[in-house]
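Hello,

Here is the structure for your files. My notes on what was found in it follow below.

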Amino acid sequence: TASGKQWEIYYFLLRKEDEAFYERIAIGWLLENTDLKLTDTFAKDPKLEGYMRRQTTSWALLSGRKNIGQMEQDEFIERFMPLSRQPTFERRAWEALEWFRVMDEDGSGTITVSEMLNCMLVSEDLLQAVIRHRLFVGTLAGGPRSVQLTVAEPDPEKEGEVQMHYAKVGTRSPVVWGLFNAQEEVTREVLLRWETFLVSVIENVPLSAELEDLDKAQHMSQLLRENQSQEWPSGLRGIFVGISSMFYAARDAGITARLIQKKDCLSAFTTALEAELRDPKGAREDPKKLQLHHQKVANLAMAHSFISRLLHDDAWLYFRRSWQMGQSSFIATWSLGVFLNGKRKDGNQATGKTAGAFTRVRSRLDEAVDAVEHMEEQNKQHNWARRLS
């Protein structure tokens, strides 16, 4: 380097489960801290406002200790403190108290559903905090050779952990396996074969008879057998964030950077898919455009198939790649999650169950580092972590 120092760079690979774990940390932080423009969206989409009213009401109220449908000051502070971004326990409690005073419009000393919603639905910070802590359920992601769903661990004893559902199926798969002819545009009949295979993956059923005559049928059957240990969920409620290939499907459908209900999302995917089948935009004349055509059709169909079968009709989605915070831009990657975890190591923002969750997050990276140290000890190499410290 210019300073005359010599560096040796060592790399390590996280397990897919750990990558998903850290990606969720990154997305949760981005949901709460970047500009989602929710209040503007509510003005344009009454369905979203209705959804947020129902979800917020069921979470925050209807269980007053003395008066049904009302919340007294101590109960309010206990419920709303986790939504505060303040760094200390005292400051979080104080901010929750300030929220209580603002919402208590009639000075009765209790908060009603109406008073709470009147305040929350015009507060960008509170809305994003509720989404992050209560409504954000999981992520959908994919790539050339894989697709995955990551959801929060439902077991309260494993708070902060995730469940990952994964399949070796991606946007390049239909060409590699011969479902799409690499030299031709995709027809509706060919698309149907790809969709049929995706259903087999999700529902854990054997390869259909119409696909058994393909050259790669044996390979596809083997993949389905490997996938049998993977039980994909269904009827999932809440808010899901789409990244990587799911984002690109949403971009092609024109539905990025806004919350959208499942039904409207699927409709947009179908419209984009139909438009691509009708007009591949020069795919016949240009091999590169033909490849992009194959990937676009495969991706839109894959996004439609997984979302339609995994999520409940009441679920909402948010697709984004670049997240803005002031003049800064962020991408939701596992490396961002690791960085954010490191920023929290001092424990100032962690108390109670949250502290336990952060501890488990740290242990994931520690395990990865231990694995690298063990590997390097076997190879008689120095520990990369010590070299870069």
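Helix α12 passes α13 in a left-handed crossing; this and what follows come from a predicted model. The two helices, α12 (residues 262–278) and α13 (residues 287–310), pack at an angle of about 155°, and their axes are 10 Å apart. With over 145° counting as roughly antiparallel, α12 and α13 are therefore roughly antiparallel to each other. On the α12 side, the contact is made by Lys262, Cys265, Leu266, Phe269, Thr270, Ala272, Leu273, Glu276 and Leu277. On the α13 side, His293, Lys296, Val297, Leu300, Ala301, Ala303, His304, Ile307 and Ser308 take part. By type, the residues of this contact between α12 and α13 divide into 11 nonpolar, 4 polar and 3 charged. An α-helix has 3.6 residues a turn, so residues three or four places apart point the same way.

Next, helix α1 (residues 16–33). At 1.5 Å a residue, its 18 residues should span 26 Å, and the end C-alpha atoms of α1 are 26 Å apart, which agrees. Of the 18 residues of α1, 14 are buried, so the helix is largely enclosed by the rest of the structure.

Lys37, in the loop between α1 and α2 (38–44), has a positive phi of about 55° although it is not a glycine. Lys37 is partly exposed, with a relative accessible area of 49%. Ser244, in the loop between β6 (239–242) and α11 (245–253), also has a positive phi, near 50°, and is a residue other than glycine. Ser244 is partly exposed, at a relative accessible area of 32%.

Regards

Definitions and conventions:
Residues numbered from 1 in each chain as written. Predicted model: local features only at pLDDT ≥ 70, side-chain atom pairs only at ≥ 80, totals over all residues. Heavy atoms only, no water. Axes fitted to C-alpha atoms, helices over the stretch in contact; angles between N-to-C directions. Helix = DSSP H or I, 4+ residues; strand = E, 2+ residues; numbered from the N terminus. Parallel < 35°, antiparallel > 145°, perpendicular 65-115°, else oblique. Left-handed = near helix turned anticlockwise from the far one by under 90°. Contact = heavy atoms within 4.5 Å. Nonpolar A, V, L, I, M, F, W, Y, C, P; charged D, E, K, R; others polar. Expected span 1.5 Å × (residues − 1). Buried < 20%, exposed > 50% of the residue type's maximum accessible area, 1.4 Å probe, protein only.
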